[in-house]
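Please look over the structure shown below before reading on.

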Amino acid sequence: MPWCPKCKAEYREGFTECSACRVPLVDGLPEENAASKREKFVLPDGMEKPIVVYTAKNRLEATTICDMLHENDVVAYDRPASFGQIVDYTGADSRFGLSIIVDASQTARARELIEEMHRNLSETPIDEEALARLAEEQAMDMPEQPMEDNISFKLLPLVIGVIVVALALLYLVAN
């Protein structure tokens, strides 16, 4: 069977050119194995042997932990914790969690920092005033949005007028 080398579409016998890509078809596609896919991924500088040290529940937690590790000179990145096939087919990441990955030489330090961060978060009581200030700061940072006209409020007098006229006609017809 002929194949398009660009979009990898399969064609019936007799076709010689891809209708979408306008390139000549080939008899077979080269096999892409797992090793060639791994070669495409480039590890961050300072990382030779990646190890998963923590699985975050969502993107916010993963970003917070990676930022904290970077501030403490630990090279880290996150990736979907799901199976590669699930990510390929569904595009899911946070639904299955995100793995925090560091170099094997920094595993112990990264785990200590993550545990310390969790202890500090659990020991620190939530201050309602601090939350209110944070919400106010965020509201001040947001650009002011113009008020949108609500068409239903513009039509309300017209609808009321139609109802009154209909009731008046109904009254006149009934009498």
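Which residues form a nonpolar patch on the surface? The patch consists of Ile151, Leu155, Leu158, Val159, Val162, Ile163, Leu167 and Leu170, with about 780 Å² of accessible area together. The model is a predicted one, in which local features need pLDDT of at least 70 and side-chain atom pairs count only at pLDDT 80 or more, while totals for chains, interfaces and linings use all residues. Residues are numbered from 1 along each chain as its sequence is written, and side-chain values use heavy atoms, with hydrogens and water left out.

One of the patch residues, Leu170, lies in helix H6 (residues 151-174), and Leu170 counts as exposed because its relative accessibility is 58%.

Helix H2 covers residues 59-71, and its 13 residues should span 18 Å at 1.5 Å a residue, which agrees with the 18 Å between its end C-alpha atoms. The buried residues of H2 are Glu61, Ala62, Ile65, Cys66, Met68 and Leu69; seen down the helix axis, they fall within an arc of 160°, so they line one face of H2. This buried set packs against strand S1 (50-56), strand S2 (76-80), S3 and helix H4 (107-123). The face turned away from the buried side carries the exposed residues Leu60 and Glu71, and just after H2, Asp73 takes a positive phi of about 60°.

Strand S3 (residues 98-103) contains Ser99, which counts as buried because its relative accessibility is 5%. Leaving aside neighbours within four places in sequence, Ser99 is in contact with Val52, Tyr54, Thr55, Tyr77, Asp78, Arg79, Pro80 and Ala81.

Some terms need their cut-offs: buried means under 20% relative accessible area and exposed over 50%, with partly exposed in between (1.4 Å probe, protein chains only). Contact means heavy atoms within 4.5 Å. Patches are made of residues with over 30% relative accessible area and no salt bridge, nonpolar side chains (Val, Leu, Ile, Met, Phe, Trp, Tyr) being joined within 5 Å and like charges within 9 Å.

Conventions:
Helix = DSSP H or I, 4+ residues; strand = E, 2+ residues; numbered from the N terminus. Areas by Shrake-Rupley, 256 points an atom, 1.4 Å probe, with all protein chains shown as cover. Salt bridge = Lys/Arg side-chain N within 4 Å of Asp/Glu carboxyl O. Expected span 1.5 Å × (residues − 1). Arc of directions from axis to C-beta.
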